[in-house]
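I opened my notebook to look up a few things in this structure. My entries follow in the order I made them.

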Amino acid sequence: MGGSSWMGGAAPMAEITYREALNAAMCQEMDRDDSVFLLGEEVAEYDGAYKVSRGMLARYGDRRVVDSPISELGFAGLCVGAAMSGLRPICEFMTFNFSFLALDQVINSAAKMLYMTNGQVPIPMVFRGPTGAALQLSAQHSQACETYYVHAPGVKLVTPATPADAKGLLAAAIRDDDPVAVMEGELLYNVRGEVPDEEYVIPLGVADLKRAGDDVSIITHGKMVHVALQAARALAREEIEAEVLDLRSLRPLDVDAILASVAKTNRVVYLEEGWPFAGVGAQIVSLIQDEAFDDLDAPVLRVTQADVPMPYAKNLEQLAKPGVKAVVEACRKVLYMPGTIT
Amino acid sequence: MAQATQAPVKNGEAPAAGDDRDPAANRLHGFSREELHGLLADMLLYRRFEEKAEEAYAIGRIGGFCHLHIGQEGLAAGAIKPLRADDLVITAYREHTQAIAKGIPPRAVMAELYGRVGGCSGGRGGSMHLFDTTVGFYGGHGIVGGQIPLGAGLAWAIRYRGGDQVCVCFMGDAAVNQGAFLESLNMSAVWQLPVIYVVENNGYGMGTAFSRVSVTEMEVRSGAYGIPAHTVNGQDVLETYRFFEGLAERVRGGAGPQFVNAITYRFRGHSMSDPVSGTYRSKEEVEAHLQGEDPITILRDRLMDAGLLAQEELETIDAAARAASEDAADFADASPQPDPSTLYDHVYAEINPHGRLFLDGRGGSHG
């Protein structure tokens, strides 16, 4: 796994879970800034629906770690209003699937406020929670929500894939003066990895090369980084060296890193958890054909969720999710290799 | 001539503002002659300002949607003037006069309607998005009910910081059917936020009478959340002022969130594209309100009856209101359009040193 080169040196590290890394980031920022508070469903007494905020109520009290009613539109808007007044709310959605109830406040209030006030009212806040599918949670709890947020100018979006990225990106999101969505993953919360003990912040807009390779670029973000790495390992057995570029931040987008990878391998597969129509990958394909057309030796392919609502049945869910096999096949296709592996 | 006691007032907690004139002391309802003239001047300014905006819209100086507050001036003055300078106001899109009442100069409001750089939102907001945080005016929001959670959030921030300001959050009567209203009232009660929700109840959500979209009365809408309800006659600026003066102090003192049903009437259409009367309300209905419930004529007549306003004084006050409105329009006319180079300004507060924020190939210099 590519480390974050930002820290340099040999900072003390501990192996912790992604969940603990998010907790560490919130505590790091709440310790240094009283204007930061956490509000959402079950974040306080229950320790968080996914235990991300474990222990924070005891540490910071109910002024700063606040259980809300189940009112996504209301509490998201309340957090935006608090941010209008200069506070730095962390608004937790139990999942971003539930945030569709709150999208009026995300898009019409948070995203547009600074612009329509001519710069008078920044919205320095974070929306965070898991996005995408877990296991057999069915249609209404399995949707990847990146597109809805990244579509709106005024919003920033990061998708940490590793514990270290979770700590560094969430910390940066809290410090940022704009609304930043931090999209996590239910299946990531137990992932373990080395995370710097000390204050740790990863700048927004910097992709991370999680694996280097010369033959094909798998560009992806969030949970799919792990699928991409598995696919790369499978391809390596065929002596195909895939590189895995983790965008980490979809807005701002590290265009230079994308173009550098395209220039290096000349072949690209975009992997994402969401649907294909107007998905994140559609934007990336557009960008590459605009700015790196001459570097391409093959059309850019996308691997996405099947263009259907997520089914419950285990076998259908497996079919609908973008998996290692589909990524390997797409890579072989852009390499113009015949046949598929089984 | 207008009478002072027409509007249907129920459950009002404020004292009736009827017969407490005190000409010998030059006072009415506890207001000095100067204060009374001040309120009259405020409302006349709002009226003349809106008439000027109406005129400017008709000749194409103002575009888009434009919702006039004519008829509802008693609420702009009566609910906002008693507030402290550091109290906060947030509202919907019929807000020109509320913005002026909270302290945005008429010039800056008119220039915003014109879409000019001298506008209080730099020409980026327009009629529905007036902002000036230096006077505590937080917009200007265009989605019905969308400002209500934001108002709760402003009040949350007051409480979080241990301040003693109050937030006054206005909405139209139709907004109480939005989920945002219900959720915000509940949260405000749970957390005892220092917020006053004010329904400007003009009887219609656009062209739909409230009684057609609710089987309960407005007064009961906050009770389910444990928030006290009050009804006030918004056409009586003196009653309204005294009421909000007292209520703001109670909220400041920790009384928790409050809900005010302020009875008023809109003398113009919903927006500039809507006739004053027509399919949803009759000419007779509008005429009756114009005759009996104009907040400006109500105050004028009471002052004259009480010997606290001479005809010449009225003319002087009105001339000043007209002059200020003309001046605002002249200022707006002279103010330049926003520079095209600013198109991408203020989309983001922080331009991160890495990555690209704009993907249209045009905003490249910004990230």
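What percentage of the 367 residues of chain B count as buried? I found 54%. A residue is buried if 20 or more other C-beta atoms lie within 10 Å of its own, exposed if 12 or fewer, and partly exposed in between, with C-beta atoms placed from the backbone.

**Ground rules.** This is a predicted model, where local features need pLDDT of at least 70, side-chain atom pairs count only at pLDDT 80 or more, and totals for chains, interfaces and linings use all residues. Residues are numbered from 1 along each chain as its sequence is written, while chains are lettered from A and ligands numbered from 1 in the order in which they are written.

**Chain B overall.** I noted 10 helices and 11 strands in chain B. These are DSSP runs, numbered from the N terminus: helices are H or I with at least four residues, strands are E with at least two. The radius of gyration of chain B, taken over C-alpha atoms, is 21 Å. The globule rule (2.2 Å times the number of residues to the power 0.38) also gives 21 Å for 367 residues, so chain B is as compact as a globular protein of that length. The C-alpha trace spans about 70 × 50 × 45 Å along its principal axes.

**Domains of chain B.** I looked up the bounds, which come from an automatic or database domain assignment. Domain 1 is 32-207 + 230-336, and domain 2 is 338-367. Their centres, taken over C-alpha atoms, are 35 Å apart.

**Where the chains meet.** I found 46 residues of chain A in contact with 41 residues of chain B. Contact means that C-beta atoms, placed from the backbone, lie within 7 Å. On the chain A side, helix 3 of chain A gives the largest share, 10 residues.

**The core.** The largest nonpolar core has 218 residues. Such a core is a set of buried Ala, Val, Leu, Ile, Met, Phe, Trp, Tyr and Cys residues joined through C-beta atoms within 7 Å. Cys169(B) is one of those with the most contacts inside it. I listed partners of Cys169(B) beyond four places in sequence, among them Ile90(B), Gln147(B) and Tyr197(B).

**Helix 7 of chain A.** Is this helix enclosed or open, and why? Of its 13 residues, 12 are buried, so helix 7 of chain A is largely enclosed by the rest of the structure. The buried ones include Pro163(A), Lys167(A) and Ile174(A).

Key:
Contact = placed C-beta atoms within 7 Å.
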